[in-house]
Amino acid sequence: MGKYIYSVSVKEIISVKGITVEADNEISIISEGEPLYWGDSISIIKPVEINSFLFKGKLSLDKTNESPFFRLRNSLRDKIENIIRITGSENGLTLALVTGCRDDLLRDDVVKFRRSGCTHLLALSGMHLGIISLLFYFLIKPAAGIKTAVVSVNLINLFYLAVAGLSPSLIRACILSAVLSYGKLKNIKIPVQRALLLTFLINVMIAPDTVRSLSFQYSYLALSGIIFFSKPFYRILIRCFPPVIAAPLSCSLGAQLFTAPLSAHVFGEIFLSGIIASVLLTPLIILLMWSSIISLFAVFSGVFSFCSIVFISFNSLVSGIILETVSFFSLFPSVQFNPFTYYLLIIFILSVIIVFTVPDPGLKIFKRFR
């Protein structure tokens with residue numbers, strides 16, 4: 001977190017009156033909050049003067065706009081965004097989930113996602129990449145076999161990374177997918193804990209500057225919590241809930257356990273309602289993203305006209321349910337933290353970790369949860 005200065009090349013300007021002129025400028029922009037990476041864009045809300053024109057819109061962080069690769073990438077991304085705007089939901093949620101672009105999403109809806117503890121569902125991460133990978137894996141596997149499907153999915157991951165932008169969480173997801181896929185192709189069983197450690201080391205070597213970003217920190221903390229503590233939580237929850245509820249709830253608890261100290265330190269509050277909200281929203285987000293991707297291919301193949309009403313109606317219905325659910329959970333209050341309660345949180349989390357990790361403490365209360 002902090003202030004970052006970006007130098008952006010301006011090659012073309014569209015004024016607020018719609019006049020387009022060529023430009024050859026380098027402008028500096030100061031941004032607060034999370035750092036931006038290649039493929040991201042900066043939205044300029046208030047008109048600013050560039051070359052005597054009032055400019056309002058988005059500036060891409062691609063520094064080499066003259067490169068054919070970047071022109072192709074930007075053109076393809078714009079086309080995908082336009083198609084999703086047509087086939088997706090009117091509220092902009094579909095566009096945000098598939099491409100990470102929140103321009104069409106109301107600011108009030110973004111605030112509700114934060115207050116419901118579900119901001120991570122909007123930010124492109126390993127979950128979104130996993131949803132896309134799973135869809136293509138199931139589509140390719142029956143026709144081409146497991147190995148071809150695995151290789152194809154990793155190539156699709158790289159394509160998605162190039163189009164969506166090099167965010168730390170997507171980089172982590174792509175590396176982890178490649179590590180696990182290598183083991184599958186070589187018939188080597190790689191424990192997911194070791195795969196995560198190897199992913200971390202590779203990530204730090206190729207992109208060391210991302211370590212400071214909250215996206216990087218949340219990504220690794222949440223996944224570590226799921227890997228190490230979803231099973232212990234599942235063994236407890238399965239006594240009270242059916243597996244279909246216990247499994248996702250245990251993952252949500254594991255992620256919350258590891259990310260709570262970071263949220264409390266950075267924001268001074270955590271939203272516990274997100275534990276339940278994430279469990280309810282994740283299946284809906286999977287349906288919405290799968291429907292949007294299928295509609296994309298339908299448009300590119302030229303058969304969209306036959307199923308346009310179905311796609312648009314379904315996407316609007318699901319996105320509406322998602323926003324209503326988020327709105328409901330945003331009504332729950334957050335847990336506020338001061339320095340004293342923050343240290344109490346740390347002590348509580350360490351105690352939970354000890355309960356589940358210390359081998360045979362010799363106390364019956366520990367043995368009951370193991």
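Author: One definition before we start: a helix here is a DSSP run of H or I of at least four residues, and helices are numbered from the N terminus. Leu-196, for example, sits in helix H8. Keep in mind that this is a predicted model.

Reader: OK. How many helices and strands are in the protein chain?

Author: The protein chain has 14 helices and 6 strands. It runs to 370 residues, and 45% of them count as buried.

Reader: And the contacts, what share join residues at least 24 apart?

Author: 63% of them, taking contacts between residues at least 6 apart in sequence.

Reader: Back to H8. At what angle does H8 pack with H9?

Author: About 170 degrees, with the axes 10 Å apart. H8 covers residues 192-206 and H9 covers residues 214-237. The angle is over 145 degrees, so H8 is roughly antiparallel to H9.

Reader: Which residues in H8 and H9 meet?

Author: From H8 you have Val-192, Gln-193, Leu-196, Thr-199, Phe-200, Asn-203 and Val-204. On the H9 side they meet Phe-216, Tyr-220, Leu-223, Ser-224, Ile-227 and Phe-228. By class, that contact has 9 nonpolar and 4 polar residues, and no charged ones.

Reader: You brought up Leu-196. Is that one buried or exposed?

Author: Leu-196 is at 6% relative accessibility, under the 20% cut-off, so it counts as buried.

Reader: What does Leu-196 touch?

Author: Leaving out residues up to four places away in sequence, Leu-196 touches Leu-176, Tyr-220, Leu-223, Ser-224 and Ile-227.

Reader: How about Ala-195, buried or exposed?

Author: Ala-195, which lies in H8, has 0% relative accessibility and therefore counts as buried. Beyond residues up to four places away in sequence, Ala-195 touches Leu-176, Val-179, Leu-180 and Ile-190. The C-alpha atoms of Ala-195 and Val-179 are 6.4 Å apart, and the two residues are 16 apart along the chain.

Reader: Let's switch to H7. How does H7 pack with H9?

Author: H7, residues 168-185, packs with H9 at an angle of about 45 degrees, and the axes are 7 Å apart. The two helices are therefore oblique to each other.

Reader: And which residues in H7 and H9 meet there?

Author: In H7, Pro-168, Ser-169, Arg-172 and Leu-176. They meet Ser-215, Phe-216, Ser-219, Tyr-220 and Leu-223 in H9. The classes come out as 5 nonpolar, 3 polar and 1 charged.

Reader: New topic. Where in H9 is the kink?

Author: At Phe-229, shortly before the proline Pro-232, and the kink is about 50 degrees. There's the span to look at too: H9 spans only 30 Å between its end C-alpha atoms, whereas a straight helix of 24 residues would span 34 Å.

Reader: Last one, the loop between H7 and H8. Which residue there has a positive phi, though it isn't a glycine?

Author: Asn-187, which sits in that loop between H7 and H8. Phi of Asn-187 is near 55 degrees.

Reader: Is Asn-187 buried or exposed?

Author: Asn-187 counts as exposed, because its relative accessibility is 71% and the cut-off for exposed is over 50%.

Conventions:
Residues numbered from 1 in each chain as written. Predicted model: local features only at pLDDT ≥ 70, side-chain atom pairs only at ≥ 80, totals over all residues. Heavy atoms only, no water. Axes fitted to C-alpha atoms, helices over the stretch in contact; angles between N-to-C directions. Parallel < 35°, antiparallel > 145°, perpendicular 65-115°, else oblique. Contact = heavy atoms within 4.5 Å. Nonpolar A, V, L, I, M, F, W, Y, C, P; charged D, E, K, R; others polar. Buried < 20%, exposed > 50% of the residue type's maximum accessible area, 1.4 Å probe, protein only. Expected span 1.5 Å × (residues − 1). Bend = angle between axes of the 7 residues up to and from the residue.
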